[in-house]
Amino acid sequence: MSSILDKSASTSTADDTLKAKSRDANVISGGHLVARALKNEGVDTIFTLCGGHIIDIYDGCIDEGIRVIDVRHEQVAAHAADGYARQTGKLGCVVTTAGPGCTNAVTGIATAFRSESPVLHIGGQGAMTQHMMGSLQDLPHVDMMRPITKFSAGVRSTERVADMVSMAARECFAGAPGPAYLEIPRDILDREIDLPKAVIPQPGRYRASTRSAGDAADVEKLADLLVHAERPAILFGQQVWTARAHEEAVALLRGLDIPGYFNGGSRGMLPPNDPHHFDRTRSQAFARADVIVIVGTPFDFRMGYGKRIGRELKLVQIDMGYATVGRNRDVDLGLVGHPGAILAAVLQAASGRIRDDKRSARRDWMRELAAAEEVATAKLMPLFKSDAGLINPYRVAWEINEFLGDDTIYIGDGGDVVTISAQAVRPRRPGQWMDPGALGSLGVGTGFAIAAGLAHPGKEVLCYYGDGAFSMTAFDMETANRFKVPYIAVVGNNSAMTQIRYGQLAKYGELRGNVGSLLGDVPFGTFANMLGGYGEEVREPAKIAGALQRARESVRRTGRSAVINIWVDPKVYAPGTMAQTMYK
Ligand SMILES: Cc1ncc(C[n+]2csc(CCOP(=O)(O)OP(=O)(O)O)c2C)c(N)n1
Ligand SMILES: [Mg+2]
C-alpha cells in the first residue's frame, strides 16, 4: 500500500543515520537526560503517543538507541509498558504528553499498580514559567497519579532530571514492585545545561540488591513446618514470576514433594503434565492440607480474602510487600523478602530432613489430588468437546489450548469467554500467560500483545478477547503490524458484555436486564482485513481448529495480525459469574 508520507527517512531509533549529532557534546537538554537515565536503568524501549511537551525525550532516545514505540491510544502505551516489564523482568516505561495524554494512560498505570508491575510513567507538563496560569493541557498530574503509584513527583530543575528518573525507577522496585509517575515540565525538558552540572546516577550504582531472604529464624521455622507436613500445598502468584523466582519455586516443589498451584503470571511455571503441577483441585487441597504456603499473591477477592482457608492448618504467607502479609487473614508465619531467595533458603534448610514415612504420606497426598484432577477434567470434557450448533465457549477454550505451541504467549482480555478459557488453557512455559490481574481491566490485550512480541520476537503471541474487550483497544493492532510484531487475535463473540449481563438478568429479569450490556453483531474478521491481515468468521465448532491454523500461517507469511472471530453461545456463563463470586 502506498503512503502519502515520505517515510524514507527512517522512523526507527536503531537507524545510525539518525544518530549523527549536531549538538555541542558539553551541553545536554532535559529530554536527553531522561533518555540517558533510562538507558542507565536498562530501559531499551519506551511506549508513547506524541505531544508537544515531550518531543525532546524522543530526540534523546535517538542518541541513546532507545526504541520508541508509538501507539494510537495512551491506554495501550501504558498496558504495553506494563506488559514489557512483565515479559522482560525490567522496568517498563511509558511516556505521555500532559493532560489527556496522562488521563488516557491512567487505566494502564492502575492495572500495573494492582498487578505490582514496575512501570515508570513519565508525563509532560506546561512550562514552569506558566505554572498555574492555565497552560495548554495543565492538570495536577502528580496529585492525580499519587494514589495509583508507589511514587509520584514533579521534576523542578533540568540538573536533576536524570537523578529523579533514577529515583523513580528505584521506587518501582522497593518492596513489592509497582508503578511510579514523574512529571517533567516542558521548559525543564527543553533547557540545555552544561553536562557536568547534571546529576546522572551511574548504572548499577544507585540501587541495592532486592534478593533479601528475610528473617533466617523464620526460614528455619518454615523448613520445619514443611519437613513435618503430610499434606502440604503451595500457591504461587504473580510476584513469583515478576521476581523471576520460578526456578527456586519449582526446585522446592520437586525437592520436597509438594503439589503446586499457580495463579496469574506464575501459570506456566511448570508444564501441564508435570507431576507437581495442579490446577483443578485447589479448593480440595486447601480444605484437606495441613500446611499451606501462599507465595506472592495477596488475600484479595481472588482468594476470598483468605476466609475460605480452614483454621485447623498452618498457614504461611511469603510476600515482597511487608504490608501484604497478614492483611485480611491471620497467618501462622509470615516471611517478607524476595520469593526466590526465601524459597531457595527454605529448600536448603529442609533438604535431607524429610523422614520416609512423611515422604510416602505426601506422595499418597499427591496421588489423591492427581486422581481428583482427572475426575475434574473428565467432568469438563463434554463441555470442551461440545458440538453444539451455537459454539460453546468451553469448546473454543479447549481448541485454543490444543493449538498453543511450546512458545506461544497466551493473553486473556475479556469477560466470561476469557474466564472460561482459564479452565482449559495451560501455557507450556514460564511467562507465557498474561492477564490483567486484580484490577480486572478490559482492554489490556492489544498492549500486552505488542509488548510480548517486542520482548520475544521469536515467540508466537495469541490474544483471546471478548467482543466487548476487543473493541476497546483493537485499533492498536495497526501498531503491532507497523512495528512488525503481528499476533493472532481470537474473539469469542457473544454480541454482549456477558459477564455483566448475567447478573442483570438474574436480578432484574428479561425485561429490565438487558440495559447497557448488549452489543451489535460485528464481523471482526474484516477488521484484520482492513489492516492487511487475515480474518475469518467461525460459526461451527469443527471449523475452529482450521481457522486457527490459517491465522498462524497468515501471520507468519504476511507479517500482519489475524483475527479469528468465533460466534459463541451468549447463554453460556462462567461458573464465577453464575455464583457472582467476584463481588463476594
Ligand atoms: C475497563 C473495564 N470496563 C468495564 C468492566 C466491567 N466488565 C467486566 S466483564 C465485562 C463484559 C466484557 O464483555 P466481553 O469482553 O465481550 O466478554 P464476555 O463477558 O461477553 O464474554 C465488563 C463490561 C471492566 N472489567 N473493565
Ligand atoms: Mg462478549
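This report walks through a predicted model, from its nonpolar cores to its ligand and a few individual residues.

## Reading the model

Residues are numbered from 1 along each chain as its sequence is written, while chains are lettered from A and ligands numbered from 1 in the order in which they are written. Because the model is predicted, local features need pLDDT of at least 70 and side-chain atom pairs count only at pLDDT 80 or more, with totals for chains, interfaces and linings using all residues; side-chain values use heavy atoms, leaving out hydrogens and water.

## Two nonpolar cores

Let's start inside the protein. A nonpolar core is a set of buried Ala, Val, Leu, Ile, Met, Phe, Trp, Tyr and Cys residues joined through side-chain atoms within 4.5 Å. Buried means under 20% relative accessible area, exposed means over 50%, and partly exposed is in between (1.4 Å probe, protein chains only). The largest core has 48 residues, and those with the most contacts inside it are F47, I411, I450, F470, M477, Y487 and V563. Helix α16 (residues 445-455) gives the most to this core, with 7 residues. Helices (H or I, at least four residues) and strands (E, at least two) are DSSP runs, numbered from the N terminus.

Leaving out residues up to four places away in sequence, M477 touches T446, F470, Y487, A489, F527, L531, S561 and V563, where contact means heavy atoms within 4.5 Å. There is also a second, separate core of 38 residues, which includes V68, V155, A169 and I184.

## Around ligand 1

Next, find ligand 1. There are 16 residues around ligand 1, and D416, G440, D467, G468 and A496 come nearest; a residue is near a molecule or strand if one of its heavy atoms lies within 4 Å of it. By class, this shell has 6 nonpolar, 8 polar and 2 charged residues. Here Ala, Val, Leu, Ile, Met, Phe, Trp, Tyr, Cys and Pro count as nonpolar, Asp, Glu, Lys and Arg as charged, and the others, Gly among them, as polar. Three helices, α15 (416-421), α17 (467-473) and α19 (498-512), each supply at least two residues of the shell.

The protein backbone comes up to the ligand at several places. An oxygen atom of ligand 1 lies 2.8 Å from a polar backbone atom of A496, and an oxygen atom of the ligand is 2.9 Å from a backbone N or O atom of V417. A nitrogen atom of ligand 1 is 3.2 Å from a polar backbone atom of L442. Taken alone, ligand 1 exposes 580 Å², and the protein buries 78% of that. Such areas come from the Shrake-Rupley method with a 1.4 Å probe; for residues, only the protein chains shown count as cover.

## An enclosed helix

Helix α14 (residues 393-403) is largely enclosed by the rest of the structure, because 10 of its 11 residues are buried. The buried ones are P393, Y394, R395, V396, A397, W398, E399, I400, N401 and F403. At the start of α14, a side-chain oxygen of N392 reaches to within 2.8 Å of the backbone nitrogen of Y394.

## Buried residues in loops

H276 sits in the loop between β10 (260-262) and α11 (282-288). Is H276 buried or exposed? H276 counts as buried because its relative accessibility is 8%. Its side chain makes a polar contact of 3.0 Å with the side chain of D257 and reaches the backbone oxygen of L253 at 3.4 Å. A polar contact is a pair of N or O atoms within 3.5 Å; within protein, one must be able to donate a hydrogen and the other to accept it, and residues adjacent in sequence count only if both atoms are side-chain atoms.

T97 is in the loop between β4 (92-96) and α4. With 6% relative accessibility, T97 counts as buried, and a polar contact of 3.2 Å joins its side chain to that of H53.

## Positive phi and a partly exposed valine

E116 has a phi near 55 degrees, a positive value in a residue other than glycine. E116 lies in the loop between α4 (100-115) and β5 (119-125) and counts as buried at 19% relative accessibility. Y305 also has a positive phi, near 55 degrees, and its place is in the loop between β11 (291-295) and β12 (314-319). At 30% relative accessibility, Y305 counts as partly exposed.

Finally, V522 is in the loop between α19 and α20 (525-530) and is partly exposed, with a relative accessible area of 35%. V522 and N565 are 43 residues apart in sequence and 9.0 Å apart in space, C-alpha to C-alpha.
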